[in-house]
Amino acid sequence: MGRSFCKHFSLLMNILTLTVGFPKHLSGATISGEVKNAYTLIKLLERREHRVYVVSAPTIWQPSAKTISNPYLRNSSQGLGRGVVRYLTRAIFMTPDVYSFLRNNRIDVVHCHSPVQLMAVWLATVICREYRNISVFVTAHGTYLPEFNADVGSSKGLRTYLKKMNSRVQYSLDKFMYRKFSKVIVTSAFQIKEMKDIYELPEEKLCIINNPAAVYFDKAYRNGERAKFRKFKSSTEFTQLLFVGRFVKKKGLLNLIQAVGVLTRNKVNVHLTCVGGGMLDEHMMSEINEFINKKGLNQNIDFK
């Protein structure tokens, strides 16, 4: 399955990519894997001499980007309102730029980084009839529903009710859209299980392609000191570890804390600081606290 999909990209191709927050570079802090992973994949494809055309919508963290002189990049406008309304209209507003690229270039395949972006492709191909049967792929960057449910938990009130309704509508929209793609790209075996369980997708529709890393095409990094092989030497001195991310199951926080337990059991003087934001899986945190207390790791781990 994965082999036949990758073979599709073995020839030089013109690829139209729909994404969000496409940055000029990754030298600064980048919020969201949907931004970082899309950018690095596009750069890798360009290194392989594919021609990539990009239509980028603004993320919720950034204002609309101004049009720039790059002929292969178009920045679309923000969506309307908030929640699922913004999610849908932001994708629809990409339609004129998608249509322009289809009309003026020979596009071989379309790659979306969000299921709702298929709306823009559908609308553009209403006019560009020659592209009605073009292959359209999507990368499933995350399955937010379990995290959202864990975060909301048993909270009540009008605000919580509206958030739940918004989440259910977006889930239904995504579930419908995923089924319409030629293939759904996932990044791991764990995510295959999520997509099958949550979105009820058949396994033959899923294809694993691991997320690319920026160092793959960064020559300065590859030739630098940080990339040279070095053996890790155990030290009796104090070693600090840092975790930054959401406190949810898929980030592997429990596994990391269990690893700290193994290190301390082997007399390694280590301290782990966990910095979290966004959604919080309270059930997982209860499990973590129980493990920390049971193993006597309160002096080795703290949370911010």
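Okay, hi everyone. Some ground rules before the tour. The model is predicted, so to speak: local features need pLDDT of at least 70, side-chain atom pairs count only at pLDDT 80 or more, and totals for chains, interfaces and linings use all residues. Residues are numbered from 1 along each chain as its sequence is written, and side-chain values use heavy atoms, with hydrogens and water left out.

Let's start with strand S1, residues 14-20. Helices (H or I, at least four residues) and strands (E, at least two) are DSSP runs, numbered from the N terminus. How many of the residues in S1 are buried? Seven of its seven. Buried means under 20% relative accessible area, with exposed over 50% and partly exposed in between, using a 1.4 Å probe and protein chains only. Asn14, Leu16, Leu18 and Val20 sit on one side of S1, while Ile15, Thr17 and Thr19 sit on the other.

Who are the partners of S1? Two strands pair if DSSP finds at least two bridges between them. S1 pairs with strand S2 (residues 51-57) in the parallel sense over seven bridges, and with strand S4 (residues 109-112), again parallel, over four bridges. Look at Leu18: its bridge partner in S2 is Val55, and in S4 it is Cys112.

Contact means heavy atoms within 4.5 Å. Leaving aside neighbours within four places in sequence, Leu16 is in contact with residues including Tyr53, Val55, Val98 and Phe101. Leu16 also belongs to the largest nonpolar core, which has 42 residues; Leu16, Leu18, Val98, Val110 and Met195 touch the most other members. A nonpolar core is a set of buried Ala, Val, Leu, Ile, Met, Phe, Trp, Tyr and Cys residues joined through side-chain atoms within 4.5 Å. Helix H5 (residues 118-127) gives the most to this core, with five residues. Apart from it lies another core, of 16 residues, among them Phe247, Leu272, Met284 and Leu297. In soluble globular proteins, nonpolar side chains tend to be buried together.

Next stop, strand S6, residues 183-186. Lys183 and Ile185 on one side are buried, and so are Val184 and Val186 on the other. S6 runs parallel to strand S5 (residues 135-139), joined by three bridges, and Phe137 has Lys183 as its bridge partner. Three bridges also join S6 to strand S7 (residues 206-208), in parallel.

The three strands form an open sheet with parallel pairing. Which strands are at the edges? They are S8 (239-247) and S10 (301-303), each pairing on one side only. The twist averages 20° from one strand to the next; angles run from 0 to 180 degrees between N-to-C directions, with axes as lines fitted to C-alpha atoms, for helices over the stretch in contact.

Two helices pack on that sheet. Helix H10 (residues 253-265) touches S8, S9 and S10, and its direction makes about 170° with that of S9. Helix H11 (residues 282-295) touches S8, S9 and S10 too, at about 150° to S10. What about the two helices with each other? H10 and H11 pack at an angle of about 5°, with their axes 10 Å apart. They are therefore roughly parallel to each other; that label covers angles under 35 degrees, while over 145 is roughly antiparallel, 65 to 115 roughly perpendicular and the rest oblique.

That's my tour, thanks!
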